[in-house]
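Please have the viewer open as you read.

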Amino acid sequence: MTEPHPLTQLLQRSSQRVRAFDRRRPLVWDVLVTTFFVIAALTDATGGWRSTAANTQVPQGQIYLMSVCLTAPLLWRRRHPLVALAVMAAVTVASNWTGAWLQAALIQFIVVFNIALRLPLKTLGRAAAMTALPMTVCVFSYPRDSWDELIVPQIWSFAVVALAGIAVRSRQDYTQALVERAGQLEVERDQQAQLATNAERTRIAREMHDIIGHNLSVITTLADGGSYAAAKSPERAAQALTAIGTTSRQALTELRRLLDVLREEAPGAPALAPQPALTDLDQLIDGVRAAGLPVRSSVRGHPDALPAGGQLTVYRVVQEALTNTLKHGGPAATAHVEVAYDEEGVRATVTDTGVGGSSPRGSSGRGLTGMRERTALYDGTLEAGPLPHPPGGWHVELHLPKESAQ
C-alpha cells in the first residue's frame with residue numbers, strides 16, 4: 001500500500017485535530033469562527049465594499065451595522081440554522097436594496113451548508129427561497145444588471161454548497177453506521193464468548209462430576225469393604241487397599257489431564273483431554289467389580305466408526321449408572337450392562353437389583369442431569385427410572401441415532 005504524501009498526512013492530521021476540538025468545545029469553536037468573520041466583514045466595511053457596490057453613498061454606520069448583522073448569526077448556525085439564515089437574508093435584502101452589495105452576504109452559504117448537514121432535506125426549499133429573495137430584490141432595484149449575472153450564479157452557488165453538505169452528511173451517517181455495526185459486532189462477540197465460556201464450564205463440571213463421583217464412590221465402597229474384612233480376612237483387606245490405590249491413581253491421572261486442558265500455555269493441551277472410549281468399558285466394569293458390585297456385561301454387534309464424542313457419551317452414561325448403583329443399590333445389588341450396535345445406532349442399557357428402586361435415585365445431584373445433557377448433544381434419548389417391584393431395582397437406557405452419533 002502506497003504511503004500518502006507528507007503534505008496529505010499533515011492536512012489529515014490537522015483536519016482531525018480541528019474536528020476533535022470542535023467535538024470537545026463546540027461553543028468555543030463557534031465563537032472563534034464567528035469572531036473571525038465579524039472582523040473580516042468589518043475590515044471590508046472600512047472601505048473595501050465600495051469596489052463592488054452599486055451605490056457608494058450608503059452611510060458608513062449602516063454599513064457597519066449590516067456587516068455585523070450578516071456575520072453574528074453564525075453563532076447560531078448549529079442550533080437554529082434557519083433562524084440564522086432568515087436574519088442574514090433579511091439583512092442581505094437591505095444591503096441589495098440600498099446598493100451596498102456587501103460581500104459579507106456570501107457568508108450565508110455557510111449557514112446553508114449547516115442546514116444541508118443537520119436538518120431534514122425538505123428544509124432546503126425554504127433555505128433556497130431565503131437566499132433567492134435578496135437577488136430578486138437586487139434585480140428589481142438595479143435592472144441594468146441581467147438575471148443571468150445575479151440569479152444564475154446564486155442558484156449554482158446554493159446547489160454546490162447544498163450538495164457539499166449532503167455529501168458530508170452521507171459520509172458521517174455511513175461512518176456512524178460503521179461505528180454502530182462495530183459496536184454491535186463487539187457485543188455479539190462478547191456474548192458468543194460468554195456462551196462459549198458457560199458451555200465450557202458446564203462441560204468441565206460434567207467431566208469433574210463423572211471422574212470424581214465415580215472414583216470416590218468406588219473408593220468409598222472399597223474402604224468400607226476393607227474395614228469389614230480387616231479383622232476376619234487380612235488378604236481381602238489388602239486387596240481392597242490395592243484397589244483403592246489403583247482407583248485413586250486413575251482418578252488423579254484423569255483430573256491432571258482435565259486440568260492440563262485449562263492451561264493455555266500447555267502445548268498440545270487438547271490432545272491431553274480425558275477421552276475414555278468404549279474399549280475402556282471392560283476396565284471400568286472391572287473396577288466396579290473390584291469395589292464389590294457384581295456386574296454382568298454383554299455386547300452385541302460392532303461399532304461402525306463411532307466417533308470419540310459418541311463413545312465418550314456411552315462410556316459416561318454407563319459409568320454414572322454404575323456409580324448410582326454403588327451409592328444407592330445396597331450391599332446385595334447386582335448390575336447388568338448391555339451395549340448393542342445396529343443399523344439405527346447404539347443402545348446401552350444398565351439395570352440393577354438395588355433395594356432403592358422406588359426412590360428418585362440421583363435426582364438431588366447432577367448425575368441424571370449430566371447424562372441427559374450428554375445425550376441431548378447427539379439428539380439421543382435417555383430413559384431412567386425404577387423397575388417394577390418386586391423385584392425392584394433401577395434401569396438406565398441410552399439410545400444414540402446413527403446419523404447423530406457420527
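**Overall picture**

Please keep in mind that this is a predicted model. The protein has 406 residues, and 39% of them are buried. Its secondary structure consists of 12 helices and 5 strands. If you take the contacts with a separation of 6 or more, 69% of them are between residues 24 or more positions apart. The accessible surface comes to about 23,100 Å², and carbon and sulfur atoms hold 61% of that area.

**Helix H10**

Just after H10, Gly 330 adopts a positive phi of about 95 degrees.

**Salt bridges**

The model contains 7 salt bridges, counting a side-chain nitrogen of Lys or Arg within 4 Å of a carboxyl oxygen of Asp or Glu.

| Side-chain pair | N to O distance |
|---|---|
| Arg 77 and Asp 30 | 3.2 Å |
| Asp 30 and Arg 78 | 2.8 Å |
| Glu 338 and Arg 300 | 3.0 Å |

Let us take the Arg 77 and Asp 30 pair to begin with. Arg 77 sits in the loop between helix H3 (60-71) and helix H4 (81-98), while Asp 30 belongs to helix H2 (residues 26-45), so this bridge ties together parts that are 47 residues apart in sequence. Are these two partners buried or exposed? Arg 77 has a relative accessible area of 6%, which makes it buried. Asp 30 is buried as well, at 5% relative accessibility. Both values fall under the 20% limit for a buried residue.

Asp 30 also meets Arg 78 in a salt bridge. This pair links distant parts of the chain, since Arg 78 is in the loop between H3 and H4 and Asp 30 is in helix H2, 48 residues apart.

The remaining pair in the table joins two strands. Glu 338 is in strand S2 (residues 335-342) and Arg 300 is in strand S1 (residues 295-300), so their bridge ties together parts that are 38 residues apart in sequence. Glu 338 is partly exposed, with a relative accessible area of 25%. Arg 300 is partly exposed too, at 48%. Returning to the bridges that share partners, Asp 30, Arg 77 and Arg 78 are joined into one network.

**The largest pocket**

The largest pocket has a volume of about 650 Å³. Its lining is made up of 18 residues, and those nearest its centre are Arg 19, Asp 22, Leu 117, Arg 118 and Gln 172. Which helices each supply at least two residues of this lining? They are helix H1 (6-24), helix H5 (108-118) and helix H7 (147-232). H7 gives the largest share of the lining, with 6 residues.

Technical notes: Residues are numbered from 1 along each chain as its sequence is written. This is a predicted model: local features need pLDDT of at least 70, side-chain atom pairs count only at pLDDT 80 or more; totals for chains, interfaces and linings use all residues. Side-chain values use heavy atoms; hydrogens and water are left out. Helices (H or I, at least four residues) and strands (E, at least two) are DSSP runs, numbered from the N terminus. Buried means under 20% relative accessible area, exposed over 50%, partly exposed in between (1.4 Å probe, protein chains only). Contact means heavy atoms within 4.5 Å. Accessible areas come from the Shrake-Rupley method with a 1.4 Å probe; for residues, only the protein chains shown count as cover. On a 1 Å grid over the protein atoms alone, a cavity is a set of points where a 1.4 Å probe fits but cannot get out, and a pocket is an open set with protein on both sides within 12 Å along at least five of seven lines; lining residues have an atom within 4 Å of a point. Grid points are joined across faces, edges and corners, and a volume is the space filled by probe spheres set on the points.
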